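Student: Could we go through this model together, one question at a time?
Tutor: Gladly; here it is.

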Amino acid sequence: MERFTIYNPTKLHFGAGVVDNLGKSAAACGKKILLVYGKGSVIKYGYYEQVLKQLKSAGLEIVEYGGIKPNPVIEDVRKATELGRKENIEAIVALGGGSVIDSAKIMALAIASGYDGWDIMNHKEKPASSLPLICVLTLAATGTEMNGAAVVQSHDTGKKIGYVTDLAFPVESFLDPTFTVSVPKNYTAYGIVDLIAHALEAYFGEGEPPVIDQITFDIIKDAIQWGPKLINDLDNVELRANIMLDATLALNGLTRYGKKNGDWAVHGLGHEISLLFDTAHGATLSIGYIAWLQLQKDRIPERIIKLGKNVFGVDTVDDTIAELRKFFTSINSPVQLSEAGIGKDQRQKIIDQVHKNGVSGMHHSLSEKDRETIVDLMF
Ligand code: NZQ
Ligand code: ZN
């Protein structure tokens, strides 16, 4: 067992109707709130209206920043930070998926500290505090609702980076599965892939505590059991709830107990693909994981076979990879770059990009040659 420290201060509210208590919680954080959301789905499906009603009935003053895009960009974080500073806001309510919540985490740090958000993410500046952040999650995938991580990209610097700090944990998060019934089929599938990928990143990290291996398998098995049913029954709130809980558990620290780290090479690879082609995060991971497992199959066969036995009931490395590939394909998430509309003519561009940012794993490091091999395996 590895030495480890776990910290998680987020208060989680889960279930239909939980947002009815949002006003009280927000009022405890401040009188003037910055409400952050995405490109409009929350307005279209009525979640914005419900949140606004809550905040207004608690007597709060509201300043809004809408328009955060999927694969969020630092320019939006900067604009919202400027607005928040000018308006002297005291707390942030983020209404949306991972892109909105991650952006809000960096805004909260930047407004409280006076530093630039990108300088914070690059560890050039070290904020000592953050504004309180409350999340209302609308898409089950990232686990950001209950962790201290934020991922944002900058086209100027050609980087999509993750930043992790204890200060970025939301104070409270509201998870109402009925807020996710409108998520379209493709993003529902990408969310399922993302949560499975988080479990795998933890599983392939350093340290193999048996009980955590079992919990990790159970999360993956649950997602594999309910995911395809949900894809064919998008309005089913109970199935939405199952996947929503899986997603939170996959990246709220639980799968990291007893471990030194996760691996995260596939996420690193996926971030480069998203940066280059604006590919949805989950779609990059179904492609990346199949390629990564093929690269690692002669290096860590026991670990891959343990996964295959426990999750799919198969006995070999090849069968494990084949089953995972079959599952991703069954929910229509791509397993090759061509299925995401990225042609072989992009090979060198991708290789240059992964070299430039030194994509590697925290446990299983990737050599220059490995990076090229893995890119080829993705085609
Ligand atoms: O922008 P709007 O109009 O809101 O539409 C969004 C967006 O187009 C839509 N959507 C969200 N909720 C909806 C909905 N559509 C209908 N009904 C709803 N209820 O879905 C699209 C995708 O949203 P996005 O927030 O981008 O998706 P997701 O939650 O998958 O977040 C992805 C981002 O999170 C980062 C990824 O890199 C990516 O940038 N990650 C963050 C992590 C973390 N903080 O711990 C870990 C992850 O590994 C990941 O890297
Ligand atoms: Zn992810």
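Student: How many residues of domain 1 are in contact with how many residues of domain 2?
Tutor: This is a predicted model, where local features need pLDDT of at least 70, side-chain atom pairs count only at pLDDT 80 or more, and totals for chains, interfaces and linings use all residues. Residues are numbered from 1 along each chain as written, chains are lettered from A and ligands numbered from 1 in the order written, and side-chain values use heavy atoms, without hydrogens and water. The domains, with bounds from an automatic or database assignment, are domain 1 (11-180) and domain 2 (185-378). Counting heavy atoms within 4.5 Å as contact, 27 residues of domain 1 meet 24 residues of domain 2.

Student: What area is buried between domain 1 and domain 2?
Tutor: Buried area is the accessible area (1.4 Å probe) that two parts lose on being put together, summed over both. Carbon and sulfur atoms give 62% of it here, and the total is about 2,000 Å².

Student: Which domains give at least three residues each to the shell around ligand 1?
Tutor: The shell takes residues with a heavy atom within 4 Å of the ligand. For ligand 1 that makes 34 residues, with Ser41, Gly98, Ser99, Ser182 and His198 the closest. At least three come from each of domain 1 and domain 2.

Student: Which side chain has a polar atom 2.7 Å from an oxygen atom of ligand 1?
Tutor: Polar contacts here are pairs of N or O atoms within 3.5 Å. Asp102 places a polar side-chain atom 2.9 Å from a nitrogen atom of ligand 1, and His267 has one 2.8 Å from an oxygen atom. The 2.7 Å distance to an oxygen atom belongs to His198.

Student: What share of ligand 1 does the protein bury?
Tutor: Accessible areas come from the Shrake-Rupley method with a 1.4 Å probe. Taken alone, ligand 1 exposes 960 Å², and the protein buries 91%.

Technical notes. A polar contact is a pair of N or O atoms within 3.5 Å; within protein, one must be able to donate a hydrogen and the other to accept it, and residues adjacent in sequence count only if both atoms are side-chain atoms.
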